[in-house]
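Here is a friendly walk through a model for someone meeting it for the first time. Please keep the sequence and the 3D view at hand as you read.

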Amino acid sequence: MKRSKTMEFGVGLFMLAGIVGLVFLGLRVSGLSLSAPTETFRLEANFANIGGLKPRARVTMAGVTVGRVEAVELDTEWYDARVVMSLDSELEGQLSRDTTAAILTAGLLGEQYVGLSVGGDPEVLENGDSIRDTQSALVLEELIQQFVSTMAKG
Amino acid sequence: MPEHVSQSLARITRLGRRCCDVLEALGRAGLFLVQSAFSMPSREGFRLWLRQMHFVGVLSLAIVLVSGLFIGMVLALQGYTILVDFGAEQALGQMVALSLLRELAPVVAALLFAGRAGSALTAEIGLMKATEQLTSMEMIGVDPLRRVVAPRLWAGFISLPILTVGFSVVGIWGGYLVGVEWLGVFEGSYWSNMQANVTFIDDIGNGIIKSLVFAVVVTWIAVFQGYDLVPTSEGISRATTRTVVYSSLAVLGLDFVLTAVMFGGL
């Protein structure tokens with residue numbers, strides 16, 4: 001009987017360890033937060049070139065992450081890239097209409113993300129609006145090409 | 001009929017019989033899995049399952065955790081020497097976590113499980129068959145599928161995913177020990193890079209689905225080989241070898257298929 005009790009205890013501990021491990025993976029490794037998913041609102045922005053921007057990339061403001069890129073698609077009307085972003089709802093009605101969006105790179109070769117900076121317009125962006133003033137991704141190859149051609153001229 | 005025609009006829013007959021044998025074994029194995037895995041559970045069955053969980057799961061924990069620790073440490077060491085050339089050693093956490101969660105933890109844990117628990121299951125059931133314990137159970141009206149096989153199958157199905165989770169956790173900790181404590185990667189970037197790039201459903205979830213599939217396959221092969229063997233000492237040794245060989249091949253082959261389905265589109 002004693003042996004069976006310690007065995008049951010061991011198995012229980014084993015299964016508990018599995019659950020605790022899963023929770024650790026969820027919270028610490030994949031960064032899930034226990035709080036309910038924060039309310040978000042959508043903004044769109046059209047870029048001439050998005051470089052290597054991917055869905056799930058960060059959207060930052062002054063370096064602080066305020067949202068994520070939901071989708072990247074081709075706008076067939078203008079043949080440029082439409083980036084759909086979801087931002088914290090705290091910012092809804094706070095961003096001025098002339099907010100600019102730029103695609104930035106973390107480090108020289110790091111991942112690309114969207115950086116927002118506010119302007120001074122008294123009117124504000126609402127859910128589903130699109131940002132007019134955008135700055136495309138810095139494509140390293142194009143830069144080098146420009147550099148080489150100016151060198152050749154000079 | 002000329003000599004060579006009858007010879008090739010005989011060869012074709014043998015081939016056909018071989019194919020029929022393989023199909024028959026497959027059918028037996030399938031029926032066996034369905035009959036035993038979905039038999040009615042009882043209070044007694046729960047106790048038997050608990051005992052098997054102890055043997056198959058708890059006692060495999062040590063080997064799985066120690067292997068996980070070393071694999072995480074090696075991953076961090078190897079990854080660091082490559083990443084540091086690109087000045088990207090901050091991505092170490094992400095690399096260790098993704099390779100463990102998506103690939104190494106399910107596969108290596110399943111291989112270790114096949115060697116540690118699968119072979120023992122085959123040998124145990126095989127010896128029961130060779131000493132005619134299974135037949136005598138049937139004689140006294142106890143269904144060996146319910147009493148012997150089902151608890152072992154379910155213990156395997158449940159313990160391998162738990163072992164896989166343990167493997168990942170310990171591996172990531174091992175990577176932390178080597179990467180952060182020894183090689184001096186900044187601790188914040190180890191964890192934040194990991195959190196930014198690991199998703200719960202896509203990476204952890206798919207890893208666990210993989211390990212569930214491996215659990216079913218490995219336990220099924222192990223128990224069926226034990227149940228279906230030729231009841232001699234040679235038969236037991238053959239069946240034990242076959243368990244390890246077949247389950248390793250099945251795990252690695254299925255891993256490719258599952259990876260192609262899960263991550264091929266990324």
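Over residues 244-263 of chain B the chain is 100% helix and 0% strand, where helices (H or I, at least four residues) and strands (E, at least two) are DSSP runs numbered from the N terminus. The end C-alpha atoms of residues 244-263 of chain B are 27 Å apart. This is a predicted model, in which local features need pLDDT of at least 70 and side-chain atom pairs count only at pLDDT 80 or more, while totals for chains, interfaces and linings use all residues. Residues are numbered from 1 along each chain as its sequence is written, and chains are lettered from A and ligands numbered from 1 in the order in which they are written.

Another of the listed spans, residues 153-176 of chain B, is 100% helix and 0% strand, with end C-alpha atoms 35 Å apart.

**Chain B as a whole**

What secondary structure does chain B have? Chain B has nine helices and zero strands, and from the N terminus its elements run α-α-α-α-α-α-α-α-α. The C-alpha trace of chain B spans about 75 × 60 × 30 Å along its principal axes. Of its 266 residues, 41% count as buried; a residue is buried if 20 or more other C-beta atoms lie within 10 Å of its own, exposed if 12 or fewer, and partly exposed in between, with C-beta atoms placed from the backbone. Take the contacts in chain B between residues at least 6 apart in sequence: 87% of them join residues at least 24 apart. Two residues are in contact if their C-beta atoms, placed from the backbone, lie within 7 Å.

Helix 4 (residues 92-130) of chain B and helix 6 (residues 144-182) of chain B have axes that come within 7 Å and cross at roughly 145°. Axes are lines fitted to C-alpha atoms, for helices over the stretch in contact, and angles run from 0 to 180 degrees between N-to-C directions. The residues of this contact between helix 4 and helix 6 of chain B divide into 20 nonpolar, six polar and one charged. Here Ala, Val, Leu, Ile, Met, Phe, Trp, Tyr, Cys and Pro count as nonpolar, Asp, Glu, Lys and Arg as charged, and the others, Gly among them, as polar.

Lys210(B) sits in helix 8 (residues 200-227) of chain B. Is Lys210(B) buried or exposed? Lys210(B) is buried because 26 other C-beta atoms lie within 10 Å. Leaving aside residues up to four places away in sequence, Lys210(B) touches Pro106(B), Asp255(B) and Leu258(B).

**Domains and the two chains**

Chain B is divided into domain 1 (1-38) and domain 2 (42-263), with bounds that come from an automatic or database domain assignment. The centres of these two domains of chain B, taken over C-alpha atoms, are separated by 32 Å. Their contact takes seven residues from domain 1 of chain B and eight residues from domain 2 of chain B. Chain A is divided into domain 1 (1-34) and domain 2 (40-144), and 42 Å separate the centres of those domains of chain A, taken over C-alpha atoms.

Where the chains meet, 17 residues of chain A are in contact with 21 residues of chain B. On the side of chain A that touches chain B, the residues divide into 10 nonpolar, six polar and one charged.

**Some residues of chain A**

Val69(A) is found in strand 3 of chain A, and it is buried, with 22 other C-beta atoms within 10 Å. Val69(A) and Ala57(A) are 12 residues apart along the chain, yet their C-alpha atoms are separated by 5.3 Å. Beyond residues up to four places away in sequence, the residues that Val69(A) touches include Leu53(A), Val83(A) and Val114(A).

| Residue | Phi | Loop in chain A | C-beta atoms within 10 Å |
|---|---|---|---|
| Tyr79(A) | about 55° | between strand 3 and strand 4 (80-88) | 8, exposed |
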